[in-house]
Amino acid sequence: MQRVSILCAALVVFLVCSAAATDIWVTDLTDNIDTSDGTCTLREALTAASSNSATDACPAGSTGTDRIYFARTGTISLTNQLATINGGNGDLRIIGPGAGLLTIDGNGNRIFFFNLASAQTDITIRGVSIIDGSASLGGCVRFDTSEPASTLTITDSVIEGCMATSTGGGLRLTGGAVTLDRVVVRGNTGGIGGGVYVAGTGSLDLLNSTVSGNMTGTTGGGVWMQDATVTIRRSTFSGNVANLSGGGITVVGGTLDLQHSTLTNNTAGASTSDTSNGGGIRASSGGSSLTMKNTIVAGNTDATSATTKAPDVRIVGPTFTTLGYNLIGLNTGAASNFPGGTPNANNDYAGFAGSTLTANIGPLTSVAGALTQVHEPQLTVPASNTVIDAGACQLEAFDQVGRTRADRSRRAYDEPTLPDVLDDCDIGAVEYSPVVKDFDLSLSVQLAGAGLPMSLALQSVMPASQPYTSDPWLYLGTETFSAIPADMVDWVYVEFWRGGPEDASGLTRATGRAYGLRQNRFLLTPDSNFDPLVLEPGVYYVSVKHRNHLPVLSATPVLVSWGATAFRELAIGDDLTYGLNSRQFIGGSLKGMWPGNAPGLRLGDEAFGAEARDVLEGWLSQYKQTAGYYLADFDLDTDVDETDFLIWLASNGRFVYEP
């Protein structure tokens, strides 16, 4: 099993706030602009953000960065294209709860048109599925700008089932700087460029993504590019079809840098011309530049009736550079670029007529903890045409699905039964071994009532193993400290949630872990029995629970991403946790979790709130107990006394949102 290790030497939370910024919450998944119904739809939210004026329940946008969040999950079914975003009025972030939780269905209409002209604007779309759009140019997403500093970033999302009668079935990109990271571009159809059409003087970075099952009647089944600068890293092209050329990728101008990727099962050809093929890649035009490294282009198909077929690579005219360690199934169409050999003089593995190479990779499949799909390397005994340990990934920290060494130094994993070619990395987008998938999440919280700084009195009485096994937590983890750290205040229980907080059924719990809370408000990772988390990259709400304090939930979701640190502050500042007055004011800018809640002592009651039962069934039952680890010890001093009653009294009647 793949594992995502959250290294929580600090599960902290930092929210960068700007005076010129607005958070807009979509509370209604219908598609309308009804200024009298008291809700906020996506269409209304975009209007509020682009006009800087309140629309129905959506607050006015700003000239800074406007962030659109979704309080509900499900499908937004459009009646027509969303309003065109013209830029120049502030940056925009559209932050969904996850591609499997929120879908924007175009119903045959193009969904997003960013027509930024010369206005410098940054656009981000994250955590959504964008489907069933249709237009002449850019079936689901169209991004046009003459301003090179403008950007479009799409992450953790799916673009599927879109159609363009002219160019760009899924996306049409001209100008600016575009990044697609952990994106699935699947099942789209375009006149030119079935999945992605990119042209002009802009750039495209395609990272950790899967482009599969896209189609075009002409060229560029997966990606068609001209004049642009395109960088592809750790990505998979599979099952794309072009009736003429370039089943996976077509290059007719510009610069393509293709590394650590896999192109297989792509198809080109319905023509009789030798120049209309290239099942994996078709690169032409003297003005083009193509660089390749550590990439599989094998198992593709040239369906032309031409006498000379090029199922994998056809290179005609571009400046070509190999950095080695590519595996080419059959070099017909690029024999001078990839001379046959295993390896050849360039350290490439290239099959030739009568001696085709097979990459020994499995079918396109999903991987636990990843949105995208990959062709995983297969170990054969004895090894034959294997890609395992045959590559070069010295500067790669992780592969397409986040696999990395346990120390996160590089993606390579050594398969001991095979000889290492260079640095024991595999050729292609993904590693063979299911090694640890790491990311950092840093978070801080304060326990109100425990003093400033928080008391360390529980050091001598707290258990070495997590205490949240009983009602209402029912957490079965066995996290343990071999020795209680000297700065540990107590145990806390942290959960990760997906969805919308205003859904009828609330958020959906993804997973949870117990941590130690340090006196400086940061978290400590137990050194024994701490199971790494399995989390798909995306956005998650984080909740923190304590034995006798009311829980808190982050007001906005946290981005989980491989190779990065998500930093979230839940103690200092306003509006960091969900719900009005969800934390107790302590002093200055510091707020803490409300004390006085002891649900573990209330029979049959799992409510997270401070109420009379916390005294009648909790505090009274432990009153005058000393030198122990008590649920009614609200100030964490090991004694249950009148001070704890007064702490409860200040919180009495306080209830908070609990997923």
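Hi everyone, let's start with the open sheet of seven strands, which pair in parallel and run in the order β10-β13-β16-β20-β24-β28-β32. At its edges stand β10, residues 134–137, and β32, residues 301–302; each has a single partner strand, so one side of each has no neighbour in the sheet. Please keep in mind that this is a predicted model.

Strand β13, residues 163–167, runs parallel to strand β16, residues 189–192, and three bridges connect them.

Now to the disulfides. How many does a search of the whole structure find? The count is three. Number the bonded cysteines in sequence order and the pairing reads 1-2, 3-4, 5-6.

About the S-S bond the angle is -75 degrees, and the link is left-handed. C140 sits in the loop between β10 and β11 (141–145), while C162 is in the loop between β12 (151–160) and β13, so to speak a link of distant parts, 22 residues apart. C140 is buried at 0% relative accessible area, and C162 is buried too, at 1%.

Next, C40 and C58 are joined with S to S at 1.8 Å. Here the link is right-handed, with 110 degrees about the S-S bond. C40 belongs to the loop between β2 and α1 (42–51), and C58 to the loop between α1 and β3, 18 residues apart. Both of these cysteines, C40 and C58, are buried.

The remaining example is C393 with C425, S to S 1.9 Å. Both C393 and C425 lie in the loop between β38 (373–377) and β39 (436–444), 32 residues apart. C393 and C425 are both buried as well.

On to the aromatic rings, where the count comes to twelve pairs. Take W25 and Y69: is this pair stacked or edge-to-face? Their ring centres are 5.1 Å apart and the planes meet at 25 degrees, so the pair is stacked. W25 is in strand β2 (residues 21–26) and Y69 in strand β3 (residues 65–70), so the pair ties together parts 44 residues apart in sequence. W25 is partly exposed at 22% relative accessibility, whereas Y69 is buried at 5%.

Compare that with W619 and F645, whose centres are 5.2 Å apart; the planes are at 50 degrees, so this pair is tilted. W619 is in helix α2 (residues 612–622) and F645 in helix α3 (residues 642–651), 26 residues apart. W619 is buried at 8%, and F645 is partly exposed at 28%.

There is also an aromatic cluster, made of Y468, W473, Y475 and Y493.

The charged end of R498 sits over the ring of Y540, 4.4 Å from its centre. R110 lies over the face of F113, at 5.0 Å from the ring centre.

Finally, a quick stop at Q584, in strand β47 (residues 584–587). Q584 is buried, with 17% relative accessible area. Beyond residues up to four places away in sequence, Q584 touches A448, L590, K591, G592, W594, P595 and A650.

Technical notes:
Residues are numbered from 1 along each chain as its sequence is written. This is a predicted model: local features need pLDDT of at least 70, side-chain atom pairs count only at pLDDT 80 or more; totals for chains, interfaces and linings use all residues. Side-chain values use heavy atoms; hydrogens and water are left out. Two strands pair if DSSP finds at least two bridges between them. Helices (H or I, at least four residues) and strands (E, at least two) are DSSP runs, numbered from the N terminus. Rings of Phe, Tyr and Trp (its six-membered ring) pair if their centres lie within 6.5 Å; planes under 30 degrees apart count as stacked, over 60 as edge-to-face and the rest as tilted. Buried means under 20% relative accessible area, exposed over 50%, partly exposed in between (1.4 Å probe, protein chains only). A charge sits over a ring if NZ of Lys or CZ of Arg is within 6 Å of the ring centre and within 35 degrees of the ring normal. Contact means heavy atoms within 4.5 Å. A disulfide is a pair of cysteine sulfur atoms within 2.5 Å.
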